[in-house]
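Me: I'd like a close look at one part of this model. Keep it brisk, please.

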Amino acid sequence: MNNDDDLYQLDTLETDYLPVLKEKCKLFLKMLKGRKILEVGCGTGNLINLLSSNNFELSGTDYSNDYLINAKKKNPNVNFFQGDLTDPTFWEKHKSLYDSVICSEVLEHIEDDLTTLQIIYSIL
C-alpha cells in the first residue's frame, strides 16, 4: 500500500467520523480563549476546517508532512507547519504565541507526553 492509499483511507475514515468531529468542535468552541488558535496533531485539517467559519486566527501543525499537504488543500487560508511535539528546541520560537491550543487524539501516540504537555504550555 502506498502513501496515497493511506491518505485515502484516512479521509474515508474521517468522513465517517465527521458527526463525532462536529460534536467535538462544539465543545472546543465553548472552551477556546482568544483568537490565536493552534491545533497540534492537526492531521489532514478536518477539525480546523470546522473551526474556520469562526473568527479565529488558526494555525495547524503535524509531524506528518503528507497530512499537512492534505490539510493545506482543504484550508488554504490557514497557516500550517511541520513540528515535532517532543522537540522543545523547535518550539522556542513559538513561545507565548497562541491564546489556545487544541490537542485532540494526539497524546496517546507520543511516548514522552510530559515533554509534549510542557511544550504546549510554553506556547500559550
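What percentage of the contacts with a separation of 6 or more comes from residues 24 or more positions apart? Then take me through helix H3 and the sheet.

Reply: Residues 24 or more positions apart supply 55% of the contacts with a separation of 6 or more. Contact means heavy atoms within 4.5 Å. This is a predicted model: local features need pLDDT of at least 70, side-chain atom pairs count only at pLDDT 80 or more, and totals for chains, interfaces and linings use all residues. Residues are numbered from 1 along each chain as its sequence is written, and side-chain values use heavy atoms, leaving out hydrogens and water.

First, the setting. The protein has five helices and four strands, in the pattern α-β-α-β-α-β-α-β-α along the sequence. These are DSSP runs, numbered from the N terminus: helices are H or I with at least four residues, strands E with at least two. Of the 124 residues, 40% count as buried, meaning under 20% relative accessible area with a 1.4 Å probe, protein chains only.

Now the sheet. Four strands form an open sheet, ordered E3-E2-E1-E4, with parallel pairing. Strands E3 (79-82) and E4 (100-103) are the edges, each pairing on one side only. From one strand to the next, the twist averages 20°. Strands pair if DSSP finds at least two bridges between them. E1 (residues 36-40) and E4 run parallel, joined by four bridges. Within that pairing, Leu-38 faces Val-101 of E4.

Helix H3 (residues 65-74) packs on this sheet. H3 touches E2 (57-62) and E3, and its direction makes about 170° with that of E3. Axes are lines fitted to C-alpha atoms, for helices over the stretch in contact; angles run from 0 to 180 degrees between N-to-C directions.

Which residues of H3 are buried? They are Leu-68, Asn-70 and Ala-71. Viewed down the axis of H3, these buried residues fall within an arc of 160°, so they line one face of the helix. The arc is that of directions from the helix axis to the C-beta atoms. At the start of H3, a side-chain oxygen of Ser-64 comes to within 3.4 Å of the backbone nitrogen of Asp-66.

Last, Phe-81, which lies in E3. Phe-81 counts as buried because its relative accessibility is 15%. Its C-alpha atom is 7.4 Å from that of Leu-68, 13 residues away along the chain.

Conventions: Buried < 20%, exposed > 50% of the residue type's maximum accessible area, 1.4 Å probe, protein only. Polar contact = N/O pair within 3.5 Å; in protein donor to acceptor, adjacent residues only side chain to side chain.
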